[in-house]
Amino acid sequence: MRRGIISVGNWLVDTVKFIDKYPVPGNLVNITKIETGLGGCAHNVLVDLARLGTDIPLYAGGCIGADDNGQYVMNEIKKYGLDSTYMNIMEGVATSYTDVMSEMNGNHTRTFFHYRGANALLGPEHFENIETNAKIFHLGYLLLLDRLDDEDEEYGRVAARVLHAMQQKGYKTSVDVVSEEGDRFSKIILPCLPYVDYFIVNEVEAGACYGECLRDDDGNIMLDKVEKTAEFLMSKGVKDTCVMHFPEGGFAMNARGEKYYVPVINVPKNEIVSSVGAGDAFCAGMLYSLHENMPLKDALIFANTSARFNLVNATSTGGAPKLETITEFINLNKQYYETF
């Protein structure tokens with residue numbers, strides 16, 4: 001019986017710089033505080049899973065540089081007891097990093113300045129020797145892994161070829177993507193969906209794949225469009241479950257005809273420190289739930305709660321809770337969840 005989760009993709013150093021508000025071009029803004037931590041999809045998801053404190057085997061994969069930041073990554077992998085067999089240390093290239101500008105004006109929005117570095121070198125050859133007994137293979141972020149985003153004559157995109165190979169090895173495949181401006185979503189993501197079992201994205205990314213904004217002119221999430229978008233993504237090939245998360249809650253639909261929307265229990269604005277890594281915390285919670293075969297509604301509740309705790313810390317994984325903490329919060333709010 002397969003057991004475990006392997007997460008492959010982006011590893012990078014996040015430097016979070018707190019500012020009052022993002023300046024207009026040419027203007028100055030003061031940085032009031034700086035915090036440094038590791039980020040990237042592969043790192044965030046695995047550390048969030050590790051901090052749950054379960055005995056699920058966790059495997060790390062990706063490319064880092066032979067530099068101080070790369071050693072920082074490896075130390076973190078060792079700290080959390082992750083299997084590092086599939087980490088590739090590359091000579092002559094720097095470990096990827098991101099400068100995050102986090103606004104403290106009440107909206108807590110953040111802007112990312114990213115150096116691709118070693119992540120851009122992750123290619124099909126780095127997946128050939130992956131042989132584990134893990135149940136789920138998670139890849140992210142697409143649109144930020146240059147070689148995997150490249151065109152492929154047979155599959156449309158190299159990532160689709162890799163995901164198909166992972167399915168043939170017996171894994172349930174999962175994918176996350178990065179939010180960006182531009183028209184690359186349909187070109188890169190849609191060819192991959194026939195080889196994706198679990199597609200876990202936010203409303204911006206899902207809308208970009210669908211070709212429409214999922215919010216109205218006042219910024220309110222439109223649940224009817226969320227559902228149509230999920231139906232569209234399933235029709236494009238997602239084999240098992242399509243999940244969307246947004247500040248208001250989470251929506252999921254699966255191939256068995258189940259669909260649920262579960263709103264969040266809001267965190268008071270004065271307690272929110274940063275939303276950096278909240279999406280990955282949701283993703284980690286959903287992957288754990290899928291791994292444990294939770295009912296779909298319960299999985300959404302668990303993922304929402306995982307993301308909620310992330311909001312009270314500045315770094316990508318600093319707020320990650322233990323399994324007992326999530327379970328206690330859900331039990332305390334059982335009456336709220338029973339209304340949906």
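1. His 126 touches Cys 63, Asn 88, Met 90, Leu 121 and Arg 147, leaving aside residues up to four places away in sequence; contact here means heavy atoms within 4.5 Å. The residue His 126 lies in the loop between β7 and β8 (136–142). With a relative accessible area of 12%, His 126 is buried; the term buried means under 20% relative accessible area, exposed means over 50%, and partly exposed lies in between (1.4 Å probe, protein chains only).

2. The model is predicted, so that local features need pLDDT of at least 70 and side-chain atom pairs count only at pLDDT 80 or more, while totals for chains, interfaces and linings use all residues. Residues are numbered from 1 along each chain as its sequence is written, and side-chain values use heavy atoms, with hydrogens and water left out.

3. Ser 96 is found in strand β6 (residues 96–103); helices (H or I, at least four residues) and strands (E, at least two) are DSSP runs, numbered from the N terminus. Ser 96 counts as buried, at 0% relative accessibility. Its contacts, not counting residues up to four places away in sequence, include Trp 11, Leu 12, Val 13, His 114 and Tyr 115. Gly 40 is 56 residues from Ser 96 along the chain, and the C-alpha atoms of the two are separated by 9.1 Å.

4. An open sheet of 4 strands has the order β3-β2-β6-β7, with mixed pairing; two strands pair if DSSP finds at least two bridges between them. Strands β3 (31–39) and β7 (110–115) stand at the edges with a single partner strand each, so one side of each is left without a neighbour in the sheet. From one strand to the next, the twist averages 20 degrees. Strand β2 (residues 12–19) and β3 run antiparallel and are joined by 8 bridges; Lys 17 stands opposite Ile 34 in β3.

5. Helix α2 (residues 68–79) lies across β2 and β3 and runs at about 65 degrees to β3. Axes are lines fitted to C-alpha atoms, for helices over the stretch in contact, and angles run from 0 to 180 degrees between N-to-C directions.

6. How do helices α1 and α8 cross, and at what angle? The axes of α1 (residues 41–51) and α8 (residues 278–291) come within 8 Å and cross at roughly 55 degrees. The two are therefore oblique to each other; angles under 35 degrees count as roughly parallel, over 145 as roughly antiparallel, 65 to 115 as roughly perpendicular and the rest as oblique. Among the residues making the contact are Val 45 and Leu 49 of α1 and Ala 284 and Leu 287 of α8.

7. Helix α9 (residues 296–310) packs against helix α10 (residues 323–332) at an angle of about 115 degrees, with the axes 10 Å apart. This makes α9 roughly perpendicular to α10. The contact includes Phe 302 and Phe 309 of α9, together with Ile 326 and Phe 329 of α10.

8. In strand β12 (residues 198–202), 5 of the 5 residues are buried, so the strand is largely enclosed by the rest of the structure. Tyr 198, Ile 200 and Asn 202 are buried on one side, and Phe 199 and Val 201 on the other. Strand β12 pairs in the parallel sense with strand β11 (residues 172–177) over 2 bridges and with strand β13 (residues 241–246) over 5 bridges. The bridge partner of Tyr 198 in β13 is Thr 241.
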